[in-house]
Amino acid sequence: MKLLDLLDKIDYVSYKNQNDIDFNRVTYDSRKVKKNGIFVAIKGKETDGHRFIESAIEKGAALIVHTEDIAYEENISYIKVKDSRFALGEISNLLTGFPSKNLRLIGVTGTNGKTTTATFIYRLFKKLDGSCTNIGTDGTFINDEKIDTPNTTPEISEINEILRRSLDQAIKNAVIEASSHGLYLHRLDGLDFDYGIFTNLSMEHMDFHKTMENYFKAKMLLLENSKKQVINIDDAYGKRAKEIYKAAITFSINEDSDFRAYDIKTIDKHLEFYVNRQKFILNRYAIFDIYNALAAIAVLFSEGYSLETIASCLKEIGDVKSRFEFIENKLGINIVIDFAHTPIAFEKTYQAVEKGKNIIAVYGMSGDRTSEIRRKVGEISAKNKVFSVLTLDDPKFDTYENIAADIASGIESFGGQYIMIKNRKDAIKYALTKAKKGDFVLLLGKGEENFLKLKGNEKIPYNEKETVKEILKDL
């Protein structure tokens, strides 16, 4: 697509046409620029893409999209826009031919449960329809091929390239985890969602959104741009969403809904429950996972699959990495890895443990979580009589000492017990050594991430499962 063709279809302030190139790829990352590509300079919270324009040109960029006043080079075309993120979406959709319009696209948003819900949907469509793509926290899966992607919700240019690649492989279904950051920052603009799923909402990302109302509005952007809405009405914000989208499909455990789970039982580390007289077996331990299953059931049923068919498939695909995942060991300890990183997620994880069992939790909090959230996690741990081992978890621009002190203040306010061990491997070893047979050792926060962020956003290699294996080998 040439410059004048682009200008005919996007919003812009001004332009300078200095070549006659047919552009076919756009990116916001100067390192990924290809010859004759388009580079969109995005001014973000931590870095400014305008600083990398020269680098992008050296890499082969022939069109620069920008918001700031800049010096123009010969033979390079330029478009000045009001909002470069919005422009990235517009251009990306045009260059890739709006791939989302040609497949079944499901978006999942909420504070907790996005990854598990998306994974259930992805696996069900793969089994029942033969193919699916999944874009989210644990990376991108195009059928069984895994591609590493940097964010829960990648930038729109990356999403469209993934969807285009999916279509080229005759894949007809795709599910995307829609984070509040991704929605607010236009990473999903222009995508044609068939379903928007709302799981729940609790305090998180207050450093970014400032208020829960702003956070809620960001989440509602997915539902607003979806043909059908699927909502958890056991959640207070889900009830609000249902008031806005009155025709929404609903799911629940406690309230009357279209898909309500009842007669719930936990048997040998799996769940049994009924929905509309159909029995379901889910190979998961925590009852909160029923909500994630219900959302998937609602979508698949709405697409014409019977509850009996969905049930027969769901019982085979229940495991999800680092979501209340048990780690086999010879110590007789229940070692669980979980990605919990919000107060509500911590509470639900603790409550999932069988009553009367002793719990030792190893965790920290990210440096960009507010002091209020850190203290809240400490309070919840103390209230649930958890022995906390406070350790590192991405301090970023803060320090371990500050973060641990905030958590500890919450623990102390409710008379809880804890110890501070900065090195995460040492902390896990301490917990496993302290635990007795039958105890639960919960390793929270890192999940499938393969890094720690100790200074700013600089990543150093770290893998929770490999660390546990090393410790178990020593023990």
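The following legends describe close-up views of one predicted model.

In this predicted model, local features need pLDDT of at least 70 and side-chain atom pairs count only at pLDDT 80 or more, while totals for chains, interfaces and linings use all residues. Residues are numbered from 1 along each chain as its sequence is written, and side-chain values use heavy atoms, with hydrogens and water left out.

**View 1. An open sheet of 11 strands.** The strands follow the order S9-S8-S7-S10-S6-S11-S12-S13-S14-S15-S16, and their pairing is mixed. The edges are strand S9 (145-147) and strand S16 (278-282), each of which pairs on one side only. From one strand to the next, the twist averages 20 degrees; axes are lines fitted to C-alpha atoms, for helices over the stretch in contact, and angles run from 0 to 180 degrees between N-to-C directions. Strands (E, at least two residues) and helices (H or I, at least four) are DSSP runs, numbered from the N terminus. Two strands pair if DSSP finds at least two bridges between them.

**View 2. The pairing of strands S8 and S9.** Strand S8 (residues 139-142) and S9 run antiparallel and are joined by 3 bridges. Thr140 stands opposite Ile147 in S9. In general, strands of a sheet pair through backbone hydrogen bonds, either parallel or antiparallel.

**View 3. The second largest pocket.** This pocket holds about 260 Å³ of space. On a 1 Å grid over the protein atoms alone, a pocket is an open set of points with protein on both sides within 12 Å along at least five of seven lines, whereas a cavity is a set of points where a 1.4 Å probe fits but cannot get out; lining residues have an atom within 4 Å of a point. Grid points are joined across faces, edges and corners, and a volume is the space filled by probe spheres set on the points. The lining of the second largest pocket includes Tyr122, Arg123, Lys146, Val320, Lys321 and Glu448. Helix H4 (residues 114-129) gives the most to this lining, with 3 residues. By class, the lining has 3 nonpolar, 2 polar and 5 charged residues. Here Ala, Val, Leu, Ile, Met, Phe, Trp, Tyr, Cys and Pro count as nonpolar, Asp, Glu, Lys and Arg as charged, and the others, Gly among them, as polar.

**View 4. The largest cavity.** The count comes to 1 cavity of 30 Å³ or more, and the largest cavity has a volume of about 30 Å³. Among its lining residues are Thr115, Gly136, Thr137, Gly139 and Glu177. H4, strand S7 (133-136) and S8 each supply at least two residues of the lining. The lining has 1 nonpolar, 6 polar and 2 charged residues.

**View 5. Cysteines Cys132 and Cys313.** The whole structure has 0 disulfides, a disulfide being a pair of cysteine sulfur atoms within 2.5 Å. The sulfur of Cys132 is 13 Å from the closest cysteine sulfur, in Cys313, and is therefore too far for a bond. Cys132 is buried, with a relative accessible area of 0%, and Cys313 is buried at 8%. Buried means under 20% relative accessible area, exposed over 50%, and partly exposed in between (1.4 Å probe, protein chains only).

**View 6. Positive phi at Asp263 and Lys385.** Asp263, which is not a glycine, has a positive phi of about 50 degrees. Asp263 lies in strand S14 (residues 259-267) and is exposed, with a relative accessible area of 51%. Lys385 has a phi near 55 degrees. Lys385 is found in the loop between helix H13 (371-383) and strand S20 (387-390), and counts as exposed at 71% relative accessibility.
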